[in-house]
Each structure stands twice: as structure tokens, then as C-alpha cells.
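Student: I'd like to walk through this one with you, step by step. Where shall we begin?

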Amino acid sequence: MNYYALICEYNPLHNGHEYQLSEIRKKSNCDGIICVMSGDFVQRAEPAVINKLARTECALRSGADMVVQLPTVYATGNGELFAKGAIDIISKLPDVKYLAMGCETDNTNALSILAEIQLNEPAKLKRILNANLKRGLSYAESYADATAKIAEKYNIGYDMSDVILSTPNNILCMEYIKALKRIGSNIEPVFIKRNNEASVSSSEIRKNIFSNNTDSYVKKYVPPHSYKRIHEENTIHPIDFRTYSDIMTYTMKNMSSNTIAKTVDSAEGIEHRISAACNNTTNYNTLLECVKTKRYTLSRIKRICLQCAFGINYDTISHITHTFAQVLGIKNYFKKYLSSLPSCFSIKAPIFEEYSNDIQSLLNIEKAAHNLYTLLTHNDTYKLHNRLISI
């Protein structure tokens, strides 16, 4: 059999995502597409615009054959951790031979070489990176500049590298390539260029959802079934961002600097800036703005805060020795594939006592994420272990 994997968030699923799924079908003779998708909290360290089960249904209706959840511990991490978790899951899916990636460049050879540079030349990268940081550049700018300078000896012009390294989708592709190489995987990357005519950015769609422009704007850029679920969920169970602000502010005010320092994304004394900001505000967005600098990006600060809320730290990550992933949904004709899955994939509600301590830690984080999401959406019917979505 010949299966493709796809790493996604679908926050929400829009026309560009459906285009990508259709391109996989069109350009390959695959027997199935399996999506590894973030749960109710995404890499931006925010609650997903609609819950993971609604997004699973949208993925299946748009062309996916099965959806597996990327555990929250990875889904709310930086690009490297996000990729590591997703690739670990994909590497254990039987008969997956290809990983489809959405990129924003035609020069995929250069993109692959840039990934190799970051993987194989860490000492040289670190020297240039540190020099850039001392000049006051942000970490992302420093890292991109260091990569681009080294790439010149591989006949990749600085400007070309700069263009490739300036878009989040390309950077994630590079993280996936590096993660595949770190584990010596034979899974082959397949690049699908983003169709900018088919969609706008997910962030622009989310902005209009929260501004209640679903009919006048969102409807144009998402498939009908995705629009239906977006409209339903945001009419009945919209995210209560005021509650989110209060919960996150309360959480951070009760965190010591030492505890903040142990989170996965903490470094360079950022815990002291966060603690100081907590003493001077009762609003989450204000707290974030107080901490943000050129070096400390908003996304990074939000990840640190969410990691505090869920108890995700270096100890959590270092003690994870086994993969665990929940199957969220599947096409009815594809259910035969379930029998081939190894035991690390859960199809029914997992029972804590059946798993080792590291898996129980992952499940505790999932429970924390679920409880927070249900509070934010005021949805008593949304259960931690709902039935498998099948269409």
C-alpha cells in the first residue's frame, strides 16, 4: 500500500487546504491520506477556532482518509518540537511512504539544502547566531541570517535564502525535513506549493470569524462544509476570550520564576520579565505586550504561558519515551487500516492504568487542555473521549 501523511492544524480548514489534499490525489497514486492534526490548542499557543472533532470532520469531507491527533505537548511547542512529535507519529503509521508539505517556493532543492545546513553545521551556525544576537537582532532574524550566509558556499544566493526563510510554511517544511533525517526515516518529502489564488491566510480568516464577518468574508474562502461547522460552533459555542485572559493571567500570577524557567520555550532570563509583568497587570494581552521585545516574540511568550497552564516543561519532554496518539476520525471505507495500527495509537478512550508513566503524563496534559477548552466554549456536551468521527 502507498499512503501519504500530512501535518496540519486546519484552524480553520480553508480552500487552500482542500486544494492541497486534492493535489495529493491528483499527483500521486496514493491509497490514502492520513492527517496528523493539532488538537484544541495550536502552535500559536491559542485555542483553536473550532474544536478538534469539528475540524476532523472538515478534514475527512475535504479528502483526508484518517485524522490522528498530534498530542498537545507537541502541538503547543516551537517548530522543532512540533515537527519532532508529528514525525514520530508518522514514522509509526504503517505503509506511509510520503510526507506532503505545503511550501511557498518553487526552489524546493534550495529549501532542502537550507534544512541540511541547519542540521549539519550547528557550530558554524551558532557562532554567527550569537554574533547577531549581540547586535540586537531577534532570534529568528539571527538564525535566518546565519543560515543564509552559510548557504552561499552551496551556491544559494543570500537573497534566495532570505525569501525562503521569511515564510512560516517554508520554515516548518525545513523542520519536518530535519526531523525525518534525525530519525533516519525513509519517508520521502513531497512539496506542494501553496495556491495563493485559492485562499487567504488562516489568520485573516480567524480575524474575520472573531469579528463576525462569516457571511460577508469567511464564506468566500472556506469549503461549504467547513463554513457550516465554523458557523455552528461560533454561534452556539464561541470562544470566550475574556475568560481565557482571566485564566491565563491568574495562572501566570501564581507561577514562580523558577517554574516558568523550566518550560520548554524559556531561555535567556525571560522568566524574570514575565514575573515582573505579572505584578503590574491583570490583563493577559497587556502582560504579553509588556514582555515582548525584538528577541522575545509574542508567539514564544504565549507558548511559555500555555506550557505553564498545562504543566509542560523539560522534565515532561525528557521523560517521554513512547509515542501515543488518538485517532480522531476515519472514512468508513478506510476502517480496515485500523487493524494494522500499533498499540501506541488509541482508537477508543484510553484507560490511564493501561499506560506507562510517560504516557499518563501526556494524557494528563490532554485532560488539562480539554478542560480549559470546554471552559472557554461553555460546552458541556464536548467530552474528552467522544466517539470516533466516521463519514
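Tutor: Let's start with how the elements are named: helices are DSSP runs of H or I with at least four residues, strands are E runs of at least two, and both are numbered from the N terminus. Keep in mind that this is a predicted model.

Student: What is phi of Asn 155?

Tutor: Most residues other than glycine have a negative phi. Asn 155 is not glycine, yet its phi is positive, near 65°.

Student: Is Asn 155 buried or exposed?

Tutor: The cut-off for exposed is over 50% relative accessible area. Asn 155 has 75%, so this residue counts as exposed.

Student: Is the peptide bond from Asn 11 to Pro 12 cis or trans?

Tutor: Most peptide bonds are trans. Pro 12 is placed in the loop between β1 (3-8) and α1 (15-27). Omega of the bond from Asn 11 to Pro 12 is near 0°, and the bond is cis.

Student: What span is expected for helix α9, residues 168-182, at 1.5 Å a residue?

Tutor: The expected span is 1.5 Å times one less than the number of residues. Helix α9 has 15 residues and reaches 21 Å from its first C-alpha to its last, close to the expected 21 Å.

Student: Which residue with a positive phi follows α9?

Tutor: Within the helix, the buried residues include Leu 172, Met 174 and Ile 177. After α9 comes a residue with phi near 65°, and that residue is Gly 184.

Student: How many aromatic pairs does a search of the whole structure find?

Tutor: A pair of aromatic rings is described by the distance of the centres and the angle of the planes. Across the whole structure, the number of pairs found is eleven.

Student: How is the pair of Tyr 139 and Tyr 143 arranged, stacked or edge-to-face?

Tutor: Their centres are 5.9 Å apart, with 20° between the planes. Planes under 30 degrees apart count as stacked. The pair of Tyr 139 and Tyr 143 is therefore stacked.

Student: How many residues apart in sequence are the parts that Phe 210 and Phe 241 tie together?

Tutor: Phe 210 and Phe 241 form an edge-to-face pair, 5.0 Å centre to centre with 80° between the planes. Phe 210 lies in helix α10 and Phe 241 in helix α13, so the pair ties together parts whose separation in sequence is 31 residues.

Methods. Residues numbered from 1 in each chain as written. Predicted model: local features only at pLDDT ≥ 70, side-chain atom pairs only at ≥ 80, totals over all residues. Heavy atoms only, no water. Buried < 20%, exposed > 50% of the residue type's maximum accessible area, 1.4 Å probe, protein only. Phe/Tyr/Trp six-rings, centres within 6.5 Å; stacked < 30°, edge-to-face > 60°.
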